[in-house]
Amino acid sequence: MRELEEYWESFQEELREVNTLSDWNYLKGKYVGKKSRWGEFLSELKELPAEEKRVWGRKINQLKREMEELLEKKYQELLSTEEKSEIDITLPGKKGWSGSFHPVLLTRDWILAIFESLGFRIEEGPEIETEFYNFEALNIPPDHPARDDQDSFYLAPGYLLRTHTSPAQIRVMEKMEPPFKVVVPGKCYRRDAFDATHSPMFHQIEGLVVAEDISMGDLKGTLETFVRRFFGEERKTRFRPGYFPFTEPSAEVDVSCGVCGGKGCRSCGYSGWLEILGCGLVHPQVFVHAGYDPQKVRGFAFGMGVERITMLKFGIKDIRWFLENDVQFLEQFKIF
Amino acid sequence: MRISYGILKRFLPDLDLPGEELATLLTEQGLMVEKIWKTEEIFPFPLVVATLDNVKKGILYSEGEVHFRGEVWNIKVDNWGMPEEKSKIIVGMEEGIPHFLPWGGGREEIIDFLITVPFPAEEGEEVTSLLLGDDVILDIEVTANRGDCLSSLGVAREVGAKLDLKWQIPPVTYEEADTPADFSLENQAPDLCPYYTGKHLRRLSVRPSPWWVVKELSFLGLRPVNNVVDFTNLVMMEIGQPLHAFDASVIKGRKVVVRRAQEGEKLITLDGIERELSSEMLVIADAERPIGIAGVMGGKESEITPFTSEVFLEAAIFDRVAVRKTAKALGMRTEASARFERGVDPEKVTYASRRVLHLLGKDGEPASGWLIAGSPPEEERRVSFSPQEVEKTLGCSVTREEMIKILTGLGFEIDSSSRGETIQVKAPSWRSDVYLPVDIAEEIGRIHGYDKIIPRLPQFSFDPGNKDKGILTEEKLRRHLVDRGLKEIVSFPLISPRLAELWGTKEEQIEIKNPLSQEQSYLRPHLLLSTLEVLKINATRGRNNWGLFEIGKVFRKGLNFPFQEEKRLFIALTGYLLPPLWQKGGEVDIFLLKGLIEELLDIAGFEQEEICFREDGGFGLEPSSSFRVEISKQEAGRGGILSSSFIREWGFGAEIYVAELNLDLLITEEKKTFQLQEVVTFPSVVRDISLLVDEATRWGEIEEIVKSTISRERMEVEAVEIFDLFQGGNVPQGKKNFSFRVTFRSPERTLNDEEVDKWVQKIKADLKEKEGLLLREELVSF
Ligand SMILES: [Zn+2]
């Protein structure tokens with residue numbers, strides 16, 4: 001314990017020598033920081049008789065507190081004597097504009113990057129389509145009830161704005177030789193009036209995989225991988241039967257609600273699940289329309305609405321904000 | 001579509017599964033349950049027993065008193081719907097306010113009918129749970145291919161197949177009179193109506209439906225009307241076969257005709273709206289005029305009223321496409337049309353009628369026999385499939401036995417002679433959507449469970465190749481603009497005719513034939529037109545400093561393909577580039593815009609020599625402050641200050657710099673191949689030259705003279721840069737000063753001052769040739 005006295009004296013001595021903040025920092029580290037000896041003193045304390053233990057214990061605490069007070073006093077002293085600076089560094093820096101990607105396109109790129117890493121090729125298709133590519137080739141003849149869900153904007157008889165990215169399935173099949181894996185992003189248009197969840201223009205990503213041997217298992221594996229990577233490992237995926245004229249069997253994919261973790265809450269309509277995409281195995285008739293032999297190839301296809309996924313990802317409540325493009329909204333979406 | 005657990009049990013007596021679990025089961029089987037209703041949500045008020053008293057019958061309606069726990073309410077009820085005095089009636093109580101079931105609450109309103117308590121009860125008693133039971137109602141989303149599931153029976157079959165429960169159809173009994181119908185039936189359009197049946201009922205008692213019917217229809221979201229209408233509706237919800245009851249007394253000529261409408265023929269439908277019909281529509285008519293639109297809605301005149309004494313009950317099959325077209329053309333999608341257009345079960349047509357007769361019981365007397373035209377279409381759909389292929393399709397193993405069990409459960413008949421590789425099945429009459437082996441695979445997969453599919457990643461090798469050049473360039477340009485602080489936008493590509501006209505004639509542009517509104521009836525021919533709205537929103541919200549860009553398509557009528565789309569890049573800048581207002585000089589100007597474009601063209605892979613900026617106007621640009629960009633003499637875009645007319649009209653407070661580039665051109669233009677340049681390490685020599693020129697002289701002219709001298713004399717020059725430009729001060733009127741710097745550097749040796757000075761003299765000599773040019777003889781050397 002004699003060393004305690006020495007320790008205290010050397011501290012006072014060294015404190016007098018301190019003239020700069022860096023000296024001060026060094027001293028602080030030495031006497032009250034990790035390098036200090038207080039731990040050492042406290043452990044020595046244990047070996048003393050009870051009576052002495054109390055006396056020394058009090059002494060240790062008092063000196064330590066005093067050291068801290070003296071250090072603080074010195075710090076204030078140093079601040080006031082610090083040389084006046086040539087610059088006022090509290091003035092704002094010359095920070096440039098902060099750029100941002102549009103949230104929907106940011107999400108699109110993110111999704112595409114995941115599929116690229118799974119070996120998919122990115123393709124594009126036209127926004128103005130013919131009825132053949134948009135409907136007939138996809139097994140949706142005129143007067144098919146499925147056309148009700150995809151009320152379209154017509155430009156001339158037989159020509160319309162594509163209602164989904166699925167016509168790209170046919171275009172890709174015409175252009176490429178199987179086996180292949182492609183994703184096709186793009187704008188789509190439907191005659192839906194604007195409201196919080198509908199917009200006459202929206203973005204989709206279509207996926208198409210064609211090879212000799214493809215099963216629902218390949219589809220499920222691919223999309224589960226996508227969901228895990230995009231939404232996070234903790235999210236669950238549910239495949240349930242669905243219906244699309246151009247796939248058979250068809251499925252809808254749900255992801256467990258991120259807000260309630262699947263227990264059910266307001267954002268998931270108390271179901272615990274959020275619908276994110278539709279998919280299925282390519283219908284044999286679609287292969288025929290694209291000039292493929294359905295006996296020789298199989299394939300799977302999927303399509304997802306990018307706005308919806310963006311809204312889920314970022315908790316955006318109204319689809320119209322995407323087209324409003326208020327810079328205050330936009331600037332939040334930096335590169336992630 | 002809603003189904004009630006209670007009704008479901010009528011078809012599936014052994015069903016014993018909590019409502020929540022049933023919902024999960026249905027969803028996982030492809031019948032997505034969107035909402036689970038509790039009975040209290042449909043009848044939101046406690047149901048109590050009240051006593052009816054002092055009933056006075058009037059000509060139009062009856063008046064009466066409703067007594068409840070010492071309170072008395074006076075009510076008016078349609079004569080036919082007023083129960084006997086002293087009846088116990090059901091009232092919904094909302095904190096002291098009575099709702100007289102099934103409809104109505106207002107004091108002055110005349111209520112259609114009151115409903116009596118179906119069991120002995122005391123006035124004042126609360127009987128909610130006794131009346132409603134513990135039913136659960138599921139709201140199901142039925143996909144377009146599953147018309148058979150637009151019924152309780154259909155859903156029961158699905159549940160039965162999954163849970164391995166037997167489903168049943170309630171037996172029906174009714175007594176027919178001896179006399180046959182005094183009606184005739186004629187089907188003039190068997191192509192649109194393969195099968196039509198009619199049953200004639202006499203001595204009809206139209207009355208309010210009993211409580212259980214009112215309750216079930218309310219659960220299913222249908223409005224109770226009277227026993228006849230309610231039973232036809234209930235049976236439709238049960239079986240899926242739409243039915244229609246006509247007041248037989250208004251059918252002229254005692255004749256029912258199924259025919260196409262005459263062009264322009266009119267009919268007032270049940271909803272009270274007069275409909276103009278076309279010759280493509282199928283109608284049910286009498287000897288003179290239409291009395292109903294086949295499969296869509298009946299006519300007002302033949303509606304069942306409390307005074308109806310005889311009924312013509314229709315059950316038929318109408319062509320799906322015809323019903324769909326008619327319903328669409330008339331803009332009326334009904335419960336009936338929704339079922340016909342998805343297809344009804346040809347084998348349940350008359351059962352549905354008979355079930356109505358059964359339910360009506362003594363309230364009507366069926367004439368003997370049926371009026372029938374045609375026969376139920378018999379399309380036998382046999383499908384052969386290989387169990388091995390099904391497993392390959394699904395990606396999981398299912399035994400042959402389970403496949404057979406699933407299909408049998410769904411009503412498929414297995415061909416007993418099926419052996420070995422394939423199984424042949426006959427699809428049930430209600431499953432017109434099944435005709436291919438993949439359809440069978442889906443059925444097996446659905447019931448076996450999609451959760452049992454084993455996930456894997458595709459097992460083949462495919463080289464996706466390099467990224468498409470266009471996609472890659474677009475990516476790079478976007479990333480650069482974001483790095484430079486611009487924000488990416490997505491504007492709405494549909495614009496108003498007024499905006500479209502600003503750009504050019506209507507003939508060149510693409511008009512939407514069926515727009516949602518005039519404001520959105522043209523495809524943008526220029527990105528500026530769709531982005532104006534975005535600029536405006538930001539301007540009005542006081543966002544003053546920004547750079548925005550969009551990559552999107554513009555549309556125009558074309559020569560070969562009738563419509564052309566072209567990818568463009570749009571840029572808009574305004575305000576300060578650097579936010580701190582305390583430092584001056586950060587304002588956006590035209591050279592920032594130009595610089596940005598130069599950077600983009602550089603990233604896109606073009607050499608500086610290929611690029612040329614020329615002063616020129618352009619769409620939406622201020623003519624005196626705008627330019628054209630050329631790449632190898634081809635126009636690649638335009639930019640400048642947004643024209644003052646736009647600024648004024650859109651109410652922008654500040655100058656906005658805009659530019660639009662043709663991205664397709666940037667991508668298709670041939671680019672120079674990369675050539676590595678040696679890094680030069682010899683020192684440079686720098687010379688500054690200042691000169692006075694006529695005001696009208698442009699820097700480009702001076703630069704050209706200097707560069708041509710340099711190349712002619714083979715000078716070793718690294719750069720020619722302008723560093724000062726000014727007018728006024730000591731510069732004479734009509735003149736301006738250019739100062740520029742020439743950096744000399746040789747890749748092979750250190751240059752000496754003498755040779756550099758000689759070169760500078762040559763440059764000056766050539767410059768002096770230019771008219772009106774004066775050298776400022778103050779040379780600075782370093
Ligand atoms: Zn939730």
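**Terms and their grounds**

Modeller: In this predicted model, A:Phe329 touches A:Pro103, A:Ile316, A:Trp321 and A:Phe322, leaving aside residues up to four places away in sequence.

Biologist: Why is A:Phe329 called buried?

Modeller: Its relative accessible area is 13%, and buried means under 20%, so A:Phe329 is classed as buried.

Biologist: What makes the pair A:Lys175 and A:Glu123 a salt bridge?

Modeller: The closest N and O atoms are 2.4 Å apart; the cut-off is within 4 Å, therefore the pair counts as a salt bridge. The pair links distant parts of the chain, with A:Lys175 in helix 7 of chain A and A:Glu123 in the loop between strand 1 and strand 2, 52 residues apart.

Biologist: Is A:Lys175 buried or exposed, and how do you know?

Modeller: A:Lys175 has a relative accessible area of 58%. Exposed means over 50%, so A:Lys175 is exposed. A:Glu123, at 8%, falls under 20% and is therefore buried.

Biologist: What makes B:Arg223 and B:Asp112 a salt bridge?

Modeller: Their closest N and O atoms are 3.4 Å apart, which is within 4 Å, so the term applies. B:Arg223 lies in the loop between helix 6 and helix 7 of chain B and B:Asp112 in the loop between strand 8 and helix 4, so the pair ties together parts that are 111 residues apart in sequence.

Biologist: Why is B:Arg223 called partly exposed?

Modeller: B:Arg223 has 47% relative accessibility, between the limits of 20% and 50%, so the label is partly exposed. B:Asp112, with 32%, is also partly exposed.

Note on methods:
Residues numbered from 1 in each chain as written. Chains lettered and ligands numbered in written order. Predicted model: local features only at pLDDT ≥ 70, side-chain atom pairs only at ≥ 80, totals over all residues. Heavy atoms only, no water. Buried < 20%, exposed > 50% of the residue type's maximum accessible area, 1.4 Å probe, protein only. Contact = heavy atoms within 4.5 Å. Salt bridge = Lys/Arg side-chain N within 4 Å of Asp/Glu carboxyl O. Helix = DSSP H or I, 4+ residues; strand = E, 2+ residues; numbered from the N terminus.
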